[in-house]
Amino acid sequence: MRKYLFSAGFALLVAAASVSVTAVVQPAFASEIKYVVNGIPITSGDIAHRAAFFKLQHKKGDAKEEMIDQTLRLAEAKRLGIRISDQQVDAAYQRFASGNKMPLAKLDAIMAQSGVTKEHFKEFIRAQMAWNQALSARYRSGEGGSVTEQDAVRRMLDKGGAKPTATEYMLQQVIFVVPASERSATLAKRKREADAMRARFSGCNTTREFAKGLLDVTVRDLGRVLAPQLPSDWAEQIKATKVGGATPTRETERGVEFIGICSSREVSDDKAAQMVFQAEGSNDKDADELSKKYVAELRQKAKIVER
């Protein structure tokens with residue numbers, strides 16, 4: 001599910017990098033309110049930016065309808081308590097530039113020259129990340145097509161496969177808290193402190209002892225987590241870290257963090273089967289249909305006013 005949404009959401013063609021950075025920058029679009037969706041305005045500028053995005057992708061689409069859908073997705077994510085920080089969006093924007101082998105300045109130029117703007121693309125990224133979490137939450141909860149543990153096992157065995165195994169991790173999260181008001185002044189210092197503690201990490205039993213003499217350090221036992229349940233932004237680092245070690249530190253909206261790997265083991269049970277089935281057994285078509293169904297439900301309940 002997560003893999004599908006990000007591949008679909010970040011379908012900007014690498015060929016876009018060939019846009020000349022010396023081209024004339026597109027003029028700014030006017031911002032006249034065209035639609036109000038559940039009290040949230042959509043401007044003519046928003047629609048024009050999305051139309052330019054489709055053109056950049058060499059993709060057909062109705063920019064107006066897409067902006068209405070995006071507004072509904074973001075509102076639903078907000079209702080569910082899902083918040084994507086500016087730092088997360090900026091990091092994703094940076095990864096997109098790196099993945100397409102271009103400096104940020106060139107990506108910024110492409111966004112400006114094409115009429116998309118980096119602000120519109122970043123809001124698109126925010127919406128995709130939020131919708132990914134909202135859709136995954138519904139998928140796991142059993143709404144709209146989820147499978148029970150027993151169903152997952154039955155389907156796999158029916159296809160002639162053995163009950164799958166999954167790695168189960170025991171994890172511990174360490175957060176060097178940085179208040180938003182102090183971020184610019186203290187983040188670098190906190191990063192050095194977190195790196196120093198992470199270098200001394202030798203297992204989860206001694207973490208709290210190390211943290212005793214440090215200010216504003218939170219240690220959380222995350223318990224047992226199956227590999228398919230790992231947060232997407234930490235998963236690769238966790239999988240690459242040996243038991244008894246800790247992931248590299250990362251700057252987050254809370255401050256500076258790392259995750260300790262207390263233990264890991266391979267498990268084969270109905271819960272593992274369910275997680276593996278939902279992470280790997282579903283295909284892009286399944287995810288697309290679930291997303292469309294969810295948005296259709298939101299549209300039925302929405303108040304959409306054309307100005």
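Which residue forms a salt bridge with Asp 195, and how far apart are the closest N and O atoms?

Modeller: Happy to! The partner is Lys 191, with 3.1 Å between the closest N and O atoms. A salt bridge here is a side-chain nitrogen of Lys or Arg within 4 Å of a carboxyl oxygen of Asp or Glu.

Before going on, a word on the ground rules. This is a predicted model, in which local features need pLDDT of at least 70 and side-chain atom pairs count only at pLDDT 80 or more, while totals for chains, interfaces and linings use all residues. Residues are numbered from 1 along each chain as its sequence is written, and side-chain values use heavy atoms, leaving out hydrogens and water.

Back to the pair: Asp 195 and Lys 191 both belong to helix α8 and stand 4 residues apart, about one turn of the helix. Helices (H or I, at least four residues) and strands (E, at least two) are DSSP runs, numbered from the N terminus. Asp 195 counts as partly exposed because its relative accessible area is 31%, and Lys 191 is also partly exposed, at 24%. The cut-offs are under 20% for buried, over 50% for exposed and partly exposed in between (1.4 Å probe, protein chains only).

Now the helix itself. α8 covers residues 183-200, 18 residues in all, and spans 25 Å from first to last C-alpha, close to the 26 Å expected at 1.5 Å a residue; the expected span is 1.5 Å times one less than the number of residues. Its buried residues are Arg 183, Leu 187, Arg 190, Ala 194 and Met 197. They pack against several elements, including α4, β3 (166-177), α9 (207-211) and β6 (255-267); contact means heavy atoms within 4.5 Å. Arg 200 lies over the face of Phe 210, 4.2 Å from the ring centre. For such a placement, NZ of Lys or CZ of Arg must be within 6 Å of the ring centre and within 35 degrees of the ring normal.

The model has 7 aromatic pairs, where rings of Phe, Tyr and Trp (its six-membered ring) pair if their centres lie within 6.5 Å, with planes under 30 degrees apart stacked, over 60 edge-to-face and the rest tilted. Phe 96 and Phe 121 have ring centres 5.2 Å apart and planes at 70°, so they are edge-to-face. This pair links distant parts of the chain: Phe 96 is in α4 (residues 86-99) and Phe 121 in α6 (residues 118-141), 25 residues apart. Phe 96 is buried because its relative accessibility is 9%, and Phe 121 is buried at 1%. Phe 121 also pairs with Phe 124: the centres are 6.2 Å apart and the planes at 15°, so this pair is stacked.

Finally, confidence. pLDDT is the predictor's confidence in each residue, from 0 to 100. The protein chain has a mean pLDDT of 80, and 75% of its residues reach 70 or more. Over residues 1-25, however, the pLDDT is below 50, although this stretch has 52 contacts beyond near neighbours in sequence. Where pLDDT is low, the predicted coordinates should not be read in detail.
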